[in-house]
Amino acid sequence: MSGYALQIGAILCVHVIAAYAAYMTLAAGQLNLGIAGFMALGAYGSAVLSNAGWAMPQSIAGAVLLASLVGLCVSYPVLRARGIYLTIATLAFSEVVVALILNMESLGAASGLVVVGHLGFWPILWVTLGVVALVVFLASTRFGLCLTAIRNDAQGAAVFGVRTRRIEVTAFTIGAALAGLAGALYAHHFSYVEAQRFNVLLSTYAVLYTLLGGLQTPLGPLVGAALFTLAPELLRGTDEWRYVTFGAVIVVLMLLRSEGLFTRSFIHNLMHRRPAT
Amino acid sequence: MKPKLFLHGVTLAFGGLTVIDSLDIQVMPGSRTGLIGPNGAGKTTVFNLISGVYRPNAGEILLDDEAIDAVPLDRRVRLGIGRTFQNLRMMKHLTVLENIMLGQHTHVGLWQRMLVPLNSPFNRAGLTETRAAAQLMGLSAHADLLADGLPYGVQKRIEIARALVTRPRLLLLDEPAAGLNSSERDELLSILLTQLPKEMSVLIVEHDVAFVSSLCDHVVALNFGRKIAEGRAEAVCSHPAVIEAYLGKDDDAADADAGVPAPALDETIVPQESDQKSERAPGAERGTHAA
Amino acid sequence: MAFDFGIRRSCVVAAILALGAAPAAAQQQDLLLGYLAATTGPFSALAKRNAVAVEIAVEDINAAGGINGKKLAVTSFDTGGKPEQAVTGVTRFAQDMPALAIIGPFSTSECRVTFPTGERLGIAQMSMASSAPKVAAPFTYAFRNATDEAYTYERLFKTLKAKGYAHGSAAVAYATDDAVSQSLGTKVLPDAIKAAGIPLEETVSFRVAAFDLAPQVSQLNQKPTDLIAVGTPPEPMLKLSAELRRQGNKGRMLGGSTVADAELPARMGANGEGTVITSTFFSGMPDERTQKFVKAFETKLKEKGETVFEPNQFDAATYDIVMMYATAMKNAKVTGDPAKLAAERAAIRDEVRKLKDFPALVGPLSINSEGDAIKTIYVLEAKNGRWELVDTHKN
Amino acid sequence: MFAQQLMNGLMLGGIYALVAVSFTLTIGILNFLNFSIPALFMLGGVVSCALLAAGVPAVGAAAGALAATGLASLLVERCTFRWLSTSDPHIPLVSSLGFLIFFENLVLVYFGSDAVGYPSPFARASVKVSDLTVSLPQTGGFLLALVLVALCYVLLKYTKLGRGLRSIAESPAIAEMLGVKVGWTVSSVYLVSGLLAGIGGILFGISYLQVSWDMGSEVALKGVSAMVLGGMGNVWGAVLGALIIAVIEVMTIAYLNSEAVNVFVYGLLLVIIAFCPRGLLGDRVKMAERM
């Protein structure tokens with residue numbers, strides 16, 4: 001593979017993991033716009049640890065742990081709010097994280113940090129495949145069942161004994177951990193982190209990939225992130241009109257396939273070659 | 001004999017409106033108790049009180065002589081209270097089998113709940129139980145389809161199957177026959193008569209008086225959140241207060257619904273024995289929880 | 001909202017550069033340079049016409065017979081001013097193409113990421129604009145044809161004193177979320193003001209995207225100063241000048257290379273009158289080569305239907321980068337043979353490092369031990385919507 | 001100094017308030033976070049700027065810009081909000097995000113990425129009142145914003161349209177049954193919300209004398225935060241939130257530094273949501289009752 005393809009592949013992998021981070025909370029029906037904040041925690045966490053002399057795997061693991069601990073602590077107050085309030089609370093969290101980093105001279109403030117250790121495409125790909133496998137596995141368990149049930153009807157699920165709050169906190173924390181992982185991989189791939197990169201747009205796009213791909217199956221975020229990371233590349237011919245086209249494509253797509261591209265009935269049709277009921 | 005369930009002087013008010021007023025209901029162990037009343041009488045609200053959706057403003061709810069008012073919604077199912085919903089609570093992104101499996105949530109262990117794939121051999125017991133419940137309710141043909149979009153009658157049976165796999169000792173059925181055609185209804189009746197364990201106590205809200213009479217040994221009639229009659233089915237159905245409540249229903253129903261014109265066409269008193277009703281009932285989705 | 005999918009087009013502007021030959025064909029006979037363009041992004045006002053300078057340089061070189069008997073070709077990649085895309089560009093040039101060296105990247109934040117990558121992949125880069133202190137110093141393959149801001153500000157204050165500008169007091173205004181602006185505001189400017197013996201009364205900061213600078217200006221108005229040293233990209237400078245004048249602040253704005261935009265005086269209008277900046281290039285230089293370059297630049301832009309024709313210092317720096325690489329390639333006797341790619345890339349690096357008193361467009365230029373170019377500094381003042389020369393500092 | 005900064009804060013708050021109210025209308029009534037509002041805001045500024053630059057008189061330019069935002073808003077409504085659709089509530093959000101990308105990049109293609117000077121007919125008219133520098137266009141804009149919000153309040157509370165909106169906020173299905181023209185009413189919400197955003201964009205141009213393709217994002221982020229801070233669905237809450245956020249922002253810059261702005265603004269927001277999860281003026285009462 002060419003260096004260019006590997007580079008795009010690595011970015012795609014980071015996007016896929018970020019999309020799964022968004023998926024974990026979305027699967028339980030809540031929109032988390034704090035992905036970028038957790039990615040920043042992961043990226044800076046791993047950067048600081050490796051710059052302090054830790055080996056790369058350990059520092060990535062440490063960063064993921066940091067992101068999940070913060071995620072766990074944040075999830076309790078944040079999940080008290082619902083719907084838009086929760087979304088804005090996560091957004092606010094993310095902005096606070098980035099603003100704090102920008103205020104810390106020890107973290108390089110606006111100049112960013114150079115990260116010791118470079119991570120190439122292949123290890124990132126293996127980690128990403130691991131994440132996909134993990135999420136597919138989780139979705140196949142009763143935990144995944146509960147997530148979908150909570151998204152469809154939280155009170156209905158509670159009637160059957162589902163401790164909705166616990167499930168939501170768990171999902172949020174796993175999402176935070178995945179975002180932290182995405183951030184740590186990003187930091188090591190580019191050997192550099194800059195807080196400004198972890199802005200609202202990053203979170204918004206993670207969510208966008210997931211919703212465009214579809215929430216119904218754990219493969220939706222993968223499809224969404226892959227398609228919509230590569231689509232602007234394919235639209236390169238249209239040059240400056242590319243993103244205009246892209247916006248229009250999103251609108252049309254949502255009109256035609258409002259449940260996302262990759263739905264359960266889509267898979268059903270694919271496997272049975274006939275329309276589902 | 002101690003009652004399985006005892007609602008003692010239960011009162012519930014929303015804002016200034018008293019929806020349930022000092023209600024006493026007893027469900028004896030192993031009994032089949034029916035709860036009837038016109039639209040807006042508060043039948044579903046009673047279910048919501050028992051299953052923990054609402055907390056009473058006064059009075060108490062005893063299960064096996066123990067007050068359960070403080071037990072949160074998600075713990076009541078552990079006490080052996082299973083229920084169905086008048087307005088279907090289908091998880092539309094889950095298949096029929098998965099919807100039923102949701103009912104097993106409380107009696108699988110923590111690790112199994114989190115880390116065992118549902119279709120793996122480790123979940124064989126759960127799958128077997130689910131399949132059995134599906135078969136019992138005649139759902140085997142639909143097992144792997146998404147619940148969303150299945151006919152109304154099928155969704156009703158999924159609800160009951162799901163309530164059954166919670167292994168309830170007290171089963172609350174909220175209008176199980178509403179919207180079913182006559183053959184579906186007869187089939188359901190025979191399942192409920194023959195397949196439910198004898199020791200299971202059942203409380204049924206139903207408009208179909210014939211259905212209630214065939215199934216229940218004890219009937220409670222409600223109007224405006226108050227008990228107006230109680231006793232054997234035939235006796236209650238011929239009780240003057242009950243007849244009055246039903247015959248004057250047009251105005252009363254509208255009033256009792258706090259000015260909301262009930263769209264629920266399937267909630268007429270006299271069961272409609274037409275086959276058209278096997279399709280999704282109009283208004284079933286609109287979510288006007290009868291208060 | 002700015003839009004970013006992490007991947008920008010690697011728009012191969014060989015066609016735009018009017019080289020005729022496609023890169024594939026170019027690979028066979030030509031010597032290839034990679035060019036990291038920052039056509040979009042926060043510094044686009046400064047960087048978007050650099051491509052024209054590259055074009056002129058390549059034409060000049062090829063018209064003079066090319067290098068070692070071969071033609072020079074350039075392939076370009078738009079980074080949008082974003083570090084991760086700049087890395088993608090470097091990787092592409094180094095691994096997928098037989099590029100011998102890289103022109104760019106533009107900004108300090110890009111350099112911070114691409115310099116380690118270039119070092120790892122073994123390919124030289126030379127930035128035309130990055131001016132934060134010591135960015136290239138740790139690397140062997142990293143160069144900057146831009147002068148450290150501390151060096152230029154020292155000369156700016158000399159001029160202010162020598163030419164009798166009021167310099168009784170000074171304040172600093174800078175953008176916090178841009179790498180070079182932040183290093184200017186927190187370190188370079190205060191140090192330079194202190195070194196010049198001028199009292200620093202106040203420091204205010206803002207974000208690049210901020211649109212309302214009223215609070216900062218009210219703050220400055222607490223104690224109006226003669227001078228306001230500014231560390232920002234050009235866009236916030238516009239907003240700052242407008243707000244200063246609205247609130248009646250008459251302080252003279254000082255800028256460095258981050259605002260050395262040829263159009264800036266015209267865009268600021270009356271608000272920017274009297275602004276003094278340093279630059280490493282001045283299009284009015286009475287030098288034959290310079291005027292030839294300015295003319296070629298104008299012609300190219302007129303052809304493209306643009307309305308502003310004047311090259312800025314980064315356009316000149318970009319031209320010189322191509323020229324320096326050409327000289328280094330000549331000295332290293334580069335053949336463009338794919339088998340010797342790594343060795344030739346290293347040889348180019350070594351030759352660039354040796355450059356001394358290179359006859360650049362902007363005057364004689366040397367690469368110092370930190371990989372930065374030391375060159376002539378011009379002090380310019382905005383008058384009637386144009387930059388006018390105030391002073392010249394030879395190295 | 002303090003008075004001047006307070007003044008600066010209030011002026012900034014006026015711009016935030018219009019956007020916050022624009023958001024709160026679609027959220028309070030339709031429960032839909034309309035991501036396209038930043039684009040509508042931007043269209044208001046950019047279109048009026050282009051018309052002014054082309055020599056159209058001020059009134060015509062404003063009318064043209066508002067026509068453009070109104071049409072754009074209705075287009076968004078057609079393509080995002082399909083009434084009574086039962087699908088995922090996040091879907092319209094994604095579509096409106098698509099519109100944001102679409103409009104912003106469309107303007108980027110035509111106007112380029114650099115900010116464009118706004119040829120305001122009022123220029124920079126400022127007066128000195130003792131120590132205070134008062135910008136006349138900004139003050140006028142601030143007052144206009146307050147008048148518009150008050151008009152919105154009156155519209156919602158006292159008009160037939162307002163009653164229709166309130167019933168839709170309560171329950172769309174019931175509103176339809178009560179004879180409210182739901183489709184038309186929803187369109188009018190979009191129209192009003194879009195026009196508010198558009199006016200906000202024009203005021204932005206007049207106040208800060210420049211417009212750009214991405215001018216909406218910064219303002220919208222603060223606008224959404226203001227809306228949430230004040231409590232969703234409450235127009236005065238949105239205004240209060242906007243003024244609080246703007247004053248905090250300005251005071252942080254004045255007494256600390258600009259790097260601390262986001263720490264304080266978003267930190268406060270986070271704390272408020274954590275301790276009163278429905279904002280300052282929001283409570284369990286729905287918008288319909290509060291209006």
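Predicted model: local features only at pLDDT ≥ 70, side-chain atom pairs only at ≥ 80, totals over all residues.
**The interface of chains B and A**

The side of chain B that touches chain A draws on helix H2 (73-76), helix H3 (96-102) and helix H4 (110-115) of chain B, each of which supplies at least two residues. Of the elements of chain B, H4(B) gives the most to this side, with four residues. By residue class, the side of chain B that touches chain A divides into 17 nonpolar, nine polar and nine charged residues. The contact as a whole takes 35 residues from chain B and 29 residues from chain A. The area buried between the two chains is about 3,100 Å², and carbon and sulfur atoms give 61% of this area. On the chain B side, His93(B), His105(B) and Met114(B) lose the most area to chain A, and together they account for 20% of what that side buries.

Arg163(A) forms a salt bridge with Asp74(B), with the closest N and O atoms 3.8 Å apart.

Turning to the assembly, five pairs of chains touch, and the most contacts among them are between chains A and D. Chain B and chain C, by contrast, are joined by no contact, and their closest C-alpha atoms lie 30 Å apart.

**The fold of chain B**

The secondary structure of chain B comes to 11 helices and 10 strands, and buried residues make up 56% of its 291 residues. Among contacts in chain B between residues at least 6 apart in sequence, 69% join residues at least 24 apart. Chain B contains an open sheet of four strands in the order S2-S1-S4-S5, with antiparallel pairing. The edge strands of this sheet are strand S2 (17-27) and strand S5 (66-67) of chain B, each of which pairs on one side only. Strand S1 (residues 5-14) of chain B runs antiparallel to S2(B) and is joined to it by seven bridges; within this pairing, Leu5(B) has Val27(B) as its bridge partner in S2(B).

| Residue | Relative accessibility | Class |
|---|---|---|
| Gly64(D) | 24% relative accessibility | partly exposed |
| Ser212(D) | 14% relative accessibility | buried |

Gly64(D) lies in helix H3 (residues 58-80) of chain D and counts as partly exposed because its relative accessibility is 24%, whereas buried residues are those under 20% and exposed ones those over 50%. Leaving aside residues up to four places away in sequence, Gly64(D) touches Val47(D) and Leu51(D). The C-alpha atom of Gly64(D) is separated by 23 Å from that of Thr185(D), a residue 121 residues apart from Gly64(D) along the chain.

Ser212(D) is found in the loop between strand S4 (210-211) and helix H9 (215-230) of chain D. Its relative accessibility is 14%, so Ser212(D) counts as buried. The side chain of Ser212(D) is joined to that of Asp214(D) by a polar contact of 3.0 Å. With residues up to four places away in sequence again not counted, Ser212(D) touches Met42(D), Val46(D) and Ala115(D).

Definitions and conventions. Residues numbered from 1 in each chain as written. Chains lettered and ligands numbered in written order. Heavy atoms only, no water. Contact = heavy atoms within 4.5 Å. Buried area = accessible area lost by both parts, 1.4 Å probe. Salt bridge = Lys/Arg side-chain N within 4 Å of Asp/Glu carboxyl O. Nonpolar A, V, L, I, M, F, W, Y, C, P; charged D, E, K, R; others polar. Buried < 20%, exposed > 50% of the residue type's maximum accessible area, 1.4 Å probe, protein only. Pairing = 2+ DSSP bridges. Polar contact = N/O pair within 3.5 Å; in protein donor to acceptor, adjacent residues only side chain to side chain.
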